[in-house]
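Hi,

Here is the structure I promised to pass on to you. Have a look at it first, and then read my notes below.

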Amino acid sequence: MVPVKRPGALLLDFGGVCYISTRRDGWQRVVAGAVEEVLGRAHCEAPPRALIERDLGVAAIAENGWKTAASRTAAPAELTAATYWGEFVACDWPAAARASLVSSSKALSRVLVESISTYAVRPGIPELLKEAATKGIPVAIVSNTRSGAAFRDQLARDGLADLIALQVYSDEVGIRKPNPEMLRLAARGLGVSLDACWYCGNHYDRDVMCARRAGVGVA
């Protein structure tokens with residue numbers, strides 16, 4: 001049996017690895033309320049509530065299809081918040097309403113991520129992070145997301161942020177896994193060579209392929 005070397009760093013996915021996510025029922029209603037507030041502040045007439053909720057649901061389905069297609073490409077860029085809200089959600093809305101959503105797209109993306117799912121720390125993750133800290137093994141979160149700010153706040157609320165040396169999120173860096181640059185950014189930020197890193201993700205097409213392309217030591 002080939003001996004496994006001690007990792008120079010741990011690179012972990014957020015959802016599916018550090019957290020168990022559960023889709024909320026009725027999330028469209030909550031996000032639609034935030035959309036109405038944005039349009040109200042901009043003095044734009046809001047579409048009917050039923051239409052807003054329908055378009056939010058259709059956008060989520062369309063984005064899932066886009067993610068699958070993007071995972072087949074060598075170095076995918078992330079879908080920008082402006083494109084998501086202006087094209088995936090509000091493509092058929094009046095121009096003024098679309099423009100208002102685009103101008104508030106980052107804030108709306110945060111509301112979306114915080115509303116669409118609940119996040120529970122996976123059992124064993126706090127112990128893993130503490131053990132890594134005692135052994136001097138740095139940890140980075142490397143995750144695709146519509147809002148890295150929402151994930152940062154979740155980690156802080158759960159008392160895990162201080163145990164993580166670096167957080168790399170697709171919406172903040174403009175690329176998404178399986179683009180290998182996501183893991184390269186993390187390794188460079190930690191000052192550890194990729195072949196010394198261990199990476200754990202929960203999707204073969206986004207995570208394992210990303211690790212193989214980047215040359216991570218263990219995936």
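Ser100 is buried, because its relative accessible area is 7% and buried means under 20%, with exposed over 50% and partly exposed in between (1.4 Å probe, protein chains only). Ser100 belongs to helix α4 (residues 95–103); helices here are DSSP runs of H or I with at least four residues, numbered from the N terminus. Leaving aside neighbours within four places in sequence, Ser100 is in contact (heavy atoms within 4.5 Å) with Val38, Leu39, Ala42 and Cys44.

Before you go on, please keep in mind that this is a predicted model, where local features need pLDDT of at least 70, side-chain atom pairs count only at pLDDT 80 or more, and totals for chains, interfaces and linings use all residues. Residues are numbered from 1 along each chain as its sequence is written, and side-chain values use heavy atoms, leaving out hydrogens and water.

Now to Pro126, which lies in helix α6 (residues 125–134). Is Pro126 buried or partly exposed? Its relative accessibility is 23%, so Pro126 counts as partly exposed. Not counting residues up to four places away in sequence, Pro126 touches Val121, Leu160 and Leu163. Asp158 is 32 residues from Pro126 along the chain, and their C-alpha atoms are separated by 9.4 Å.

By class, the contact of α1 with α2 has seven nonpolar, three polar and four charged residues; Ala, Val, Leu, Ile, Met, Phe, Trp, Tyr, Cys and Pro count as nonpolar, Asp, Glu, Lys and Arg as charged, and the others, Gly among them, as polar.

Enjoy exploring!

Notes:
Helix = DSSP H or I, 4+ residues; strand = E, 2+ residues; numbered from the N terminus.
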